[in-house]
Amino acid sequence: MSRPLPIEALAVFPAPGMALPNHLTFSADDGQVRYLASTPDDPTQYLFALDVASGTVTPLATAPDGGTQEATLSPEEELRRQRERMLNVGITNYSVHEGSGRILLPIAGDLYVLDAPGAPLRRLVAAPTGDATWSPDGHSVAFTRAGEVWVVPSEGGEPRPVTSGRRAEGIARGSAEYIAQEELGRREGYWWSPDSQSIAFTEVDERHIPLYRIAHQGSDDPAAGEAHRYPFAGAANARVR
């Protein structure tokens, strides 16, 4: 006998049967698979490791404060999540430096490093950031903030901008523009050189694209909303160099 489907189940997240492991990566020796996963009842994701030989699963990292503090995300990170249709919280991305085995975890706008399995998370940058990557030698981490590219030593220290002098709002360096992300599948806006001494980056100029306002439906504040420079079909795209 079939049971009726409650109305609440139509909008639940994760959707029934969709709490699946994601972002799978192998270790350098192929002996371990790392992945993110949540549970059917909770969208908070955690980082796990599966030993290929034994099948043993080990938790590697949990987001501080349960990973629910999403208010500090940078605008670039919020847009990236929207374009990836990402509704999960907690650990939503990670990057492994295979030479050292250390793992970089952007969580709720901050950057953390897991130096070894079982070690506590070490906060590397405590401010809204986006698009963080290891340098090839593992000595530095680059990220974007406020339209510029920044670098911080991976052992800890003061972040420093490596681009500066943005002339106006509507110009951003180191971030992929809307068309690249949404239509071409390119998320990157900067690239390390193999020797870790240089960074190539895009500069995106959207000043000529009109602002398009999006109202926050359902908000108690009728004026709540946000504005983005949206390249409508047939109109101008961003200028990229």
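Four strands form an open sheet in the order β10-β11-β12-β13, with antiparallel pairing. Because β10 (130-134) and β13 (160-161) stand at the edges with a single partner strand each, one side of each is left without a neighbour in the sheet. The model is a predicted one. The protein chain as a whole comprises two helices and 20 strands, and buried residues account for 39% of its 241 residues.

**Overall dimensions and surface**

- Taken along the principal axes, the box filled by the C-alpha atoms of the protein chain is roughly 55 × 55 × 30 Å.
- The protein chain exposes about 13,800 Å², of which carbon and sulfur atoms supply 55%.
- Among contacts between residues at least 6 apart in sequence, 43% join residues at least 24 apart.

**Strands β11 and β12**

- Strands of a sheet pair through backbone hydrogen bonds, in either a parallel or an antiparallel sense.
- Strand β12 (residues 148-153) pairs with β11 in the antiparallel sense, over six bridges.
- Within this pairing, R145 stands opposite E148 in β12.
- R145 also lies over the face of W150, at 4.7 Å from the ring centre.

- A142 belongs to strand β11, which covers residues 140-145.
- A142 has a relative accessible area of 0% and is therefore buried, the limit for that class being under 20%.
- Leaving aside neighbours within four places in sequence, the contacts of A142 include D131, A132 and T133.
- Further contacts of A142 are made with W150, V151, Y190, W192 and I199.
- A142 and G234 are 92 residues apart in sequence, and their C-alpha atoms are 35 Å apart in space.

**Aromatic pairs**

- Seven aromatic pairs are found in a search of the whole structure.
- One of them joins F143 and W150 in a stacked arrangement, with 6.3 Å centre to centre and 15 degrees between the planes.
- Y178 lies in helix α2 (residues 178-182), whereas Y230 lies in the loop between β19 (225-229) and β20 (239-240), so the pair ties together parts that are 52 residues apart in sequence.
- Y178 is buried at a relative accessible area of 15%, while Y230 is partly exposed at 32%.
- Y178 and Y230 also belong to a cluster, linked by ring pairs, that includes Y212 and F232.

**Salt bridges**

- The count of salt bridges comes to 10.
- R102 counts as buried at 10% relative accessibility, whereas D115 is partly exposed, with a relative accessible area of 29%.
- R102 forms a salt bridge with E155 as well, and the closest N and O atoms of that pair are 2.9 Å apart.
- Since R102 lies in strand β7 and E155 in the loop between β12 and β13, this bridge ties together parts that are 53 residues apart in sequence.
- E155 counts as exposed, at 61% relative accessibility.
- A salt bridge also joins E177 and R186, with the closest N and O atoms 3.4 Å apart.
- In that pair, E177 is buried with a relative accessible area of 11%, and R186 is partly exposed with one of 24%.
- Through shared partners, salt bridges join R102, D115, R122 and E155 into one network.

Technical notes:
Residues numbered from 1 in each chain as written. Predicted model: local features only at pLDDT ≥ 70, side-chain atom pairs only at ≥ 80, totals over all residues. Heavy atoms only, no water. Buried < 20%, exposed > 50% of the residue type's maximum accessible area, 1.4 Å probe, protein only. Contact = heavy atoms within 4.5 Å. Phe/Tyr/Trp six-rings, centres within 6.5 Å; stacked < 30°, edge-to-face > 60°. Lys NZ or Arg CZ within 6 Å of the ring centre and 35° of its normal. Pairing = 2+ DSSP bridges. Salt bridge = Lys/Arg side-chain N within 4 Å of Asp/Glu carboxyl O. Areas by Shrake-Rupley, 256 points an atom, 1.4 Å probe, with all protein chains shown as cover.
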